[in-house]
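Please look through the structure shown here, with its sequence beside it, before reading the notes. They are meant to be read slowly, with the model open for comparison.

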Amino acid sequence: MTNPHQCSGRLRITAAAAVLGALTVGGCNGDDPVAPQDYDPDIPTEWAPAVTNPFFPLAPGSHRVYESDDGVEVIVIDVLAAPRDVNGVSATVVRDQVFEDGELIEDTFDWFAQDVAGNVWYLGEDSREIEDGQVVSTAGSWEWGVDGALPGIYMWADPGGHIGEEYRQEYAAGVAEDWGEVLAVDVDVSVPAGDFSGCVQTEDWNALDSGPRENKFYCSGIGPALELEPGGTRVELVEVDNG
């Protein structure tokens with residue numbers, strides 16, 4: 001459930017810029033990106049053959065549909081069969097399409113991989129904003145290993161062991177700087193697709209913007225089931241096919 005993370009225009013998640021602290025980063029003015037001094041992820045050297053984390057399972061052929069409670073937005077998620085090589089790692093490809101009032105406005109290919117410990121890493125994305133059927137922007141696209149971009153954790157193997165810990169989900173200076181924090185791991189969620197218990201609740205934000213944050217709920221065997229957007233809009237899982 002992603003949208004482009006860009007320097008201007010439509011942003012998915014917002015947050016206080018102060019979260020960056022004293023980091024040294026490139027901005028949106030063409031500066032060369034420089035990795036922040038305090039971000040040195042322990043990137044795995046061994047990877048699992050598939051993404052099987054129960055809170056973010058990505059079985060090829062699986063399909064999810066989400067709808068906003070105001071009826072405006074529909075998000076269609078498909079896990080593709082063909083992997084993509086990202087910096088030497090075989091990544092699972094997830095296609096994320098966003099429709100607004102029936103019109104396709106975003107078409108994104110996200111790349112994920114799971115380490116042997118069970119953590120899911122976010123390795124990059126190819127994002128496209130669309131107007132009247134034409135691509136008008138690819139801002140927010142990034143790839144691990146290109147221009148200093150680094151991967152981040154998208155879902156922990158043991159979310160309960162990281163409650164209250166802020167972590168980077170991605171890092172491409174001035175382009176993709178999402179963060180996350182696990183708030184709870186035993187949450188009940190009720191959406192049109194079903195009632196679920198023991199779900200993980202996260203709070204996500206974009207360090208490139210200073211607006212409110214959003215909450216996501218991940219349920220075992222399902223993955224994302226509910227998103228609470230700034231302003232109170234609910235984006236709910238309405239259809240699921242595990243492939």
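## The chain as a whole

This is a predicted model, and the values in this report were computed from it. The protein has 16 strands and zero helices, and buried residues make up 50% of its 243 residues. When contacts between residues at least 6 apart in sequence are considered, 52% of them join residues that are at least 24 apart.

## An enclosed cavity

A search of the whole structure finds one cavity of 30 Å³ or more, and the volume of this largest cavity is about 180 Å³. Its lining is made by 20 residues, and those that lie nearest its centre are Phe56, Leu58, Ile77, Val94 and Pro224. Strand E1 (63-68), strand E2 (73-79), strand E4 (89-100), strand E5 (103-114) and strand E15 (223-228) are the elements that each give two or more residues to this lining.

What kinds of residue make up the lining of the largest cavity? Twelve of the lining residues are nonpolar, while four are polar and four are charged.

## Aromatic rings that meet

A pair of aromatic rings is described by the distance of the centres and the angle of the planes. In this protein the count comes to 13 aromatic pairs. One of them is formed by Phe56 and Tyr218, whose ring centres are 6.4 Å apart and whose planes stand at 70 degrees, and because an angle over 60 counts as edge-to-face, the pair is given that name. Phe56 lies in the segment before E1 and Tyr218 lies in strand E14 (residues 214-219), so this pair ties together parts of the chain that are 162 residues apart in sequence. Phe56 has a relative accessible area of 8% and is therefore buried, as the cut-off is under 20%, and Tyr218, at 1% relative accessibility, counts as buried.

Tyr218 also forms an edge-to-face pair with Tyr154, with 6.4 Å from centre to centre and 90 degrees between the planes. This second pair links distant parts of the chain, with Tyr154 in strand E9 (residues 150-155) and Tyr218 in strand E14, 64 residues apart. Tyr154 is buried, and so is Tyr218. Phe56, Tyr154 and Tyr218 belong to one aromatic cluster, which also includes Phe112, Tyr122 and Trp142.

## Charges over rings

In two places an arginine lies over the face of an aromatic ring. Arg168 is placed over the face of Tyr39, at 5.4 Å from the ring centre, and Arg213 is placed over the face of Trp205, at 3.7 Å from the ring centre.

## Two loop residues with positive phi

Most residues other than glycine have a negative phi. Asn87, however, has a positive phi, near 55 degrees, and its place is in the loop between strand E3 (84-86) and E4.

Methods
Residues are numbered from 1 along each chain as its sequence is written. This is a predicted model: local features need pLDDT of at least 70, side-chain atom pairs count only at pLDDT 80 or more; totals for chains, interfaces and linings use all residues. Side-chain values use heavy atoms; hydrogens and water are left out. On a 1 Å grid over the protein atoms alone, a cavity is a set of points where a 1.4 Å probe fits but cannot get out, and a pocket is an open set with protein on both sides within 12 Å along at least five of seven lines; lining residues have an atom within 4 Å of a point. Grid points are joined across faces, edges and corners, and a volume is the space filled by probe spheres set on the points. Helices (H or I, at least four residues) and strands (E, at least two) are DSSP runs, numbered from the N terminus. Ala, Val, Leu, Ile, Met, Phe, Trp, Tyr, Cys and Pro count as nonpolar, Asp, Glu, Lys and Arg as charged, and the others, Gly among them, as polar. Rings of Phe, Tyr and Trp (its six-membered ring) pair if their centres lie within 6.5 Å; planes under 30 degrees apart count as stacked, over 60 as edge-to-face and the rest as tilted. Buried means under 20% relative accessible area, exposed over 50%, partly exposed in between (1.4 Å probe, protein chains only). A charge sits over a ring if NZ of Lys or CZ of Arg is within 6 Å of the ring centre and within 35 degrees of the ring normal. Contact means heavy atoms within 4.5 Å.
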